[in-house]
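The following note sets out several points for a colleague reading this entry. Each point takes up one element or one kind of residue in turn.

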Amino acid sequence: MTRQSETETDIVVAGGGLGGVAAALAALRRGRSVVLVEETGWIGGQLTSQGVPPDEHTWIEQFGCTRSYRGLRDKIRDYYRTWYPLTDEARARPDLNPGEGRVSRLCHEPKVAVAVLEAMVAPYVGSGRLRILYGSRVVAADVDGDTVRAVTVEGPEGEQLVVSASYVLDATELGDLLPLTGAEHVTGFESGRETGEPSAPDEAQPDNMQAFSWLFAIDHRAGEDHTIDRPAGYSDWVRYQPPKWPNPLLSLHAPDPRTLENVRRDFIPNAESGPVVADQRADPGDKELWAFRRVLSRKVFRPGFAASDVTIVNWPMIDYLPGPLIGVSDDERNKHLAGARELSLSMLYWLQTEAPRLDGGTGWPGLRLRGDVLGTADGLAKAPYIRESRRIEARYRIVEQDLSMQVRGDRGAVNYPDSIGVGMYRIDLHPSTGGDTYIDVASCPFQIPLGALLPVRMRNLLAAAKNIGTTHITNGCYRLHPVEWNVGEVAGALAAHCLDNALEPEQVHADSNRLRAFQGELVADGIELAWPEVKGY
């Protein structure tokens, strides 16, 4: 018989990713109690358990994120200054980039980010107002009409905890609470006839979703042999060529996301890369793979500390395309998860044994998995990197023409009267399970409308991560780290605000005076609601 117990809390947050942590912290700062449910052993989601260095915009060091997200970035830098033997020059840099990666002005080891996040939540755990359920997931919901009364959480040993709460926030990576609660939601690609989006197909494609990827970390030990066992499916993967892909996936050639031109990527372990330009506006940074998502640069540390850089492999060559994780049976889902892991290991084996080198040789057998960076024994991330979730049918749906530079031009993105934050990234859609190649559209710096966090019907369920009311297309720029944090932070703040004022989210959204009052609280908390005069890219 399954062991079951019960508890109560003000707010239950399903999913301990960036949105979930930000939501919990926002509610806790306002004096509320929170139960946070996390499926892995790490909080932080895409930043930690999925292994993705921050994907951020050009102005991130000056503006364009919440004060608490900036605090997270500052604390990560302070961790390196406190505990790592940085060079004097690196220590003195206010914009310290420990990995000197090209994708972001702050590339760092996932294990450092989780240490910082755990420190940020520690006081609330100590006070008893925050309970984190690791290795757990929500498996059922008690719904009364339009209200979620409680959720059932299954723990690592199969034990169950029924959590009753006034507010339920879905910050899971795949929007898992939406079907469990009966909330109206969508998956995959909406039709252009429905959304009016220039890049959308004529017919809806609900099973067509962005690829997910299983990341891994490596360093390079010259003169040593760290070649892994040949993956069982390697012979299939080495021949695999996705639709609309110009060559086999396991290659150093791949389409440029913006032009679709087939481009060879450079890969030279521990190469001297020169000055690093981490500015997506000037250079996407993806042509030099070693430095692209490098999270530890030996040059930043005192001589002798690190024999090699460490880089994260999150490249087009490990995007898993044979099928999605949503809308399939458990057996099919497990097959795709195992397939993604095997694809990633096949890419590593190919790099170690067959990849062409500039000197005419093949392979780098000195490439070594660094599971310690990711908190795993096998060298792969704790969880797959999820780019696309189920999405709520929201009170406001964000569409491509709200922010596309081609559509909006010098007018900039649509100004939302219910703005609760800002973000910026190109509309960046990876190849999809439906056979699409990249969709990459220049965008304007945009706002986040409160209406996109509110389901059309449910009264106490809020979207708090990548499951807000975007489309398949606009998810491509709303899914990144600072935006997910902003969304989660506001969801947590809204739940607390409603409890404090005996209101429901829809009442705050529908009444201009109440909305302005809530927006004023957000501004006081350091949440930016509008952009200064800047141009998109």
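1. How many bridges join E2 to E3, and do the strands run parallel or antiparallel? The model is a predicted one, and in it E2 and E3 run parallel and are joined by 4 bridges. Strand E1 (residues 4-14) also pairs with E2 in the parallel sense, over 4 bridges. Val37 takes part on both sides: Ala14 has Val37 as its bridge partner in E2, and Val37 in turn has Leu133 as its partner in E3.

2. Strand E2 (residues 34-37) is covered on both faces. Val34 and Leu36 are buried on one side, and Val35 and Val37 are buried on the other.

3. Helix H1 is mostly covered, with 11 of its 12 residues buried. The buried residues include Leu18, Val21, Leu25 and Leu28, as well as Gly19 and Gly20. The length of H1 agrees with expectation, because 12 residues at 1.5 Å each should span 16 Å and the end C-alpha atoms are 16 Å apart. The helix is followed by Gly31, whose phi is positive, near 90 degrees.

4. Helix H4 (residues 110-127) has 18 residues and should span 26 Å at 1.5 Å a residue; its end C-alpha atoms are 27 Å apart, which agrees. Just after the helix, Gly128 takes a positive phi of about 90 degrees.

5. What covers the buried residues of H4? The covering elements include helix H1 (18-29), helix H2 (67-83) and helix H13 (481-501), together with strand E3 (130-133) and strand E13 (310-313). Helix H10 (371-374) is also among them. On H4 itself, the buried residues include Pro110, Val112, Val116, Leu117, Met120 and Tyr124.

6. The structure holds 0 disulfides. Cys107 is in no disulfide, and the nearest cysteine sulfur, that of Cys65, is 16 Å away. Cys107 is buried, with a relative accessible area of 0%.

7. Two residues deserve a check of their backbone angles. Most residues other than glycine have a negative phi. Lys244 is not a glycine, yet its phi is positive, about 65 degrees. Lys244 is found in the loop between helix H7 (234-237) and strand E10 (253-255). At 60% relative accessibility, Lys244 counts as exposed, because the cut-off for exposed is over 50%.

8. Asn270 also has a positive phi, of about 60 degrees, although it is not a glycine. Its place is the loop between strand E11 (262-264) and helix H8 (289-292). Is Asn270 buried or exposed? Its relative accessibility is 14%, so Asn270 counts as buried, the cut-off for buried being under 20%.

Terms used
Residues are numbered from 1 along each chain as its sequence is written. This is a predicted model: local features need pLDDT of at least 70, side-chain atom pairs count only at pLDDT 80 or more; totals for chains, interfaces and linings use all residues. Side-chain values use heavy atoms; hydrogens and water are left out. Helices (H or I, at least four residues) and strands (E, at least two) are DSSP runs, numbered from the N terminus. The expected span of a helix is 1.5 Å times one less than its number of residues. Buried means under 20% relative accessible area, exposed over 50%, partly exposed in between (1.4 Å probe, protein chains only). Contact means heavy atoms within 4.5 Å. A disulfide is a pair of cysteine sulfur atoms within 2.5 Å. Two strands pair if DSSP finds at least two bridges between them.
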